[in-house]
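Colleague: I have just opened this one. Can you walk me through it?

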Amino acid sequence: MVHIKLEIEINAPVTQVWDDISDIQTHVNWMSDASEISFTSEQTEGVGTIFNCETTVGPLKTTDKMQITEWIPNELMAISHNGLVAGKGKFKLEETPDLKTLFKWEENLDFPFYLGGKITGYFAKPVLKRIWQKNLYKLKQLVENP
């Protein structure tokens, strides 16, 4: 199991950040590793929403099947995903004392044995962390400079 935890402060209120991230289709605008999102459920937000996410990291391309498992407006979005790599992730929003948003992103990933398991996870962690930190910076720019 690989655990990755990141955070960034966004100069915008929690409600504004939530409005941006709750539109799942737009995640491709700030996630460089997500190239296309297509819903497979009728609903497009909230618990139970299911979608496919075309994901590319270096030479690896996969379609992750994702499902929203928790949805608390202006606070939390959690997702389980299965694809080449399985895992669970969550976005958590916290209001700072100066009314900005602390955006926290956590992921737990399981790399399958046939991909090298824990060894691959060990080498993938810093790469994914770097990609996702850039994603958070891009989200920050999109929210602060609409």
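**The pocket and the rest of the fold**

Modeller: Happy to. The lining of the largest pocket divides into 21 nonpolar, 6 polar and 4 charged residues. Keep in mind that this is a predicted model.

Colleague: How many residues line the largest pocket, and which lie nearest its centre?

Modeller: The lining has 31 residues. D33, T55, D64, H81 and W132 lie nearest the centre.

Colleague: What volume does the largest pocket have?

Modeller: About 610 Å³.

Colleague: Which elements give two or more residues to its lining?

Modeller: On the strand side, β2 (34-39), β3 (50-57), β4 (60-72), β5 (76-82), β6 (86-95) and β7 (101-110). The helix α2 (117-144) is on that list too.

Colleague: And which element gives the most to that lining?

Modeller: That is α2, with 5 residues.

Colleague: Let's zoom out. How many helices and strands does the protein have?

Modeller: There are 2 helices and 7 strands. From the N terminus, the order is β-α-β-β-β-β-β-β-α.

Colleague: What does the radius of gyration say about the shape?

Modeller: It agrees with a compact globule. For 146 residues, such a globule would have a radius near 15 Å, and the protein has 15 Å. The C-alpha atoms fill a box of roughly 45 × 35 × 25 Å along the principal axes.

Colleague: What share of the residues counts as buried?

Modeller: 42% of the 146 residues. The accessible surface comes to about 8,200 Å². Carbon and sulfur atoms hold 54% of that surface.

Colleague: And the contacts along the chain? What part comes from residues 24 or more positions apart?

Modeller: Those pairs make up 49% of the contacts with a separation of 6 or more.

Colleague: Now some single residues. Where is N135?

Modeller: N135 sits in helix α2.

Colleague: Is N135 buried or exposed?

Modeller: N135 is buried, because its relative accessibility is 1% and the cut-off for buried is under 20%.

Colleague: What does N135 contact, leaving aside neighbours within four places in sequence?

Modeller: W30, M31, S32, D33 and W105.

Colleague: Change of topic: loops. Where does L99 lie?

Modeller: L99 is in the loop between β6 and β7. Its phi is near 65°, a positive value in a residue other than glycine.

Colleague: Is L99 buried or exposed?

Modeller: L99 counts as exposed, because its relative accessibility is 54% and exposed means over 50%.

Colleague: Which residues does L99 contact beyond its neighbours within four places in sequence?

Modeller: A12 and P13.

Colleague: How far is L99 from V85, by C-alpha atoms?

Modeller: They are separated by 36 Å. Along the chain, L99 and V85 are 14 residues apart.

Colleague: One more. What is phi of N74?

Modeller: Near 65°, which is positive in a residue other than glycine. N74 is found in the loop between β4 and β5.

Colleague: And how accessible is N74?

Modeller: N74 is partly exposed, with a relative accessible area of 31%.

Methods
Residues are numbered from 1 along each chain as its sequence is written. This is a predicted model: local features need pLDDT of at least 70, side-chain atom pairs count only at pLDDT 80 or more; totals for chains, interfaces and linings use all residues. Side-chain values use heavy atoms; hydrogens and water are left out. On a 1 Å grid over the protein atoms alone, a cavity is a set of points where a 1.4 Å probe fits but cannot get out, and a pocket is an open set with protein on both sides within 12 Å along at least five of seven lines; lining residues have an atom within 4 Å of a point. Grid points are joined across faces, edges and corners, and a volume is the space filled by probe spheres set on the points. Helices (H or I, at least four residues) and strands (E, at least two) are DSSP runs, numbered from the N terminus. Ala, Val, Leu, Ile, Met, Phe, Trp, Tyr, Cys and Pro count as nonpolar, Asp, Glu, Lys and Arg as charged, and the others, Gly among them, as polar. The radius of gyration is taken over C-alpha atoms; the globule rule is 2.2 Å times the number of residues to the power 0.38. Buried means under 20% relative accessible area, exposed over 50%, partly exposed in between (1.4 Å probe, protein chains only). Contact means heavy atoms within 4.5 Å. Accessible areas come from the Shrake-Rupley method with a 1.4 Å probe; for residues, only the protein chains shown count as cover.
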